[in-house]
Amino acid sequence: MSTAVAPAGQLLYRPEEAAKALRIGRSMVYEEIRLGRLQTVRIGRRRLVPPEYIEQYVELLKREAEATA
């Protein structure tokens with residue numbers, strides 16, 4: 001698990017918690033989810049973000065940054 005995502009042992013993050021871990025706004029998280037760039041799992045009506053999906057999103061951002069550099 002990445003050190004950027006806290007606390008240790010947390011398996012699923014609410015979108016608000018994912019936003020805090022990524023240091024972006026809540027609305028940006030929901031937009032990235034809507035676009036399919038940040039994956040989630042559903043439990044009932046709730047959308048939750050596993051830490052590995054946060055890490056995959058960060059890797060996507062890095063690849064995009066390298067492609068435009």
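Does Lys62 count as buried, partly exposed or exposed, and at what relative accessibility? In this predicted model, Lys62 counts as partly exposed, at 44% relative accessibility.

**View 1. Salt bridge between Glu59 and Lys62 in helix 3.** The side chains of Glu59 and Lys62 meet with an N to O distance of 3.2 Å. Both residues belong to helix 3 and lie 3 residues apart, about one turn of the helix. Glu59, at 38% relative accessibility, counts as partly exposed.

**View 2. Helix 3 and its buried residues.** Helix 3 covers residues 51–68 and spans 26 Å from its first C-alpha to its last, close to the 26 Å expected. Pro51, Ile54, Tyr57 and Leu60 are its buried residues, and they pack against helix 1 (15–22) and helix 2 (26–35).

**View 3. The largest nonpolar core.** This core comprises 11 residues, including Ala18, Leu22, Val29, Ile33, Leu38, Ile54 and Tyr57. Helix 1, helix 2 and helix 3 are the elements that each give two or more residues to the core. Leu38 touches Val29, Ile33, Val49, Ile54 and Tyr57, among others.

View 4. Glu31 is partly exposed at 31% relative accessibility, whereas Arg34 is exposed at 61%. Glu32 is buried, at 6% relative accessibility, while Arg37 is partly exposed, at 27%.

Conventions: Residues are numbered from 1 along each chain as its sequence is written. This is a predicted model: local features need pLDDT of at least 70, side-chain atom pairs count only at pLDDT 80 or more; totals for chains, interfaces and linings use all residues. Side-chain values use heavy atoms; hydrogens and water are left out. Helices (H or I, at least four residues) and strands (E, at least two) are DSSP runs, numbered from the N terminus. The expected span of a helix is 1.5 Å times one less than its number of residues. Buried means under 20% relative accessible area, exposed over 50%, partly exposed in between (1.4 Å probe, protein chains only). Contact means heavy atoms within 4.5 Å. A nonpolar core is a set of buried Ala, Val, Leu, Ile, Met, Phe, Trp, Tyr and Cys residues joined through side-chain atoms within 4.5 Å. A salt bridge is a side-chain nitrogen of Lys or Arg within 4 Å of a carboxyl oxygen of Asp or Glu. Lists of a residue's contacts leave out its neighbours within four places in sequence.
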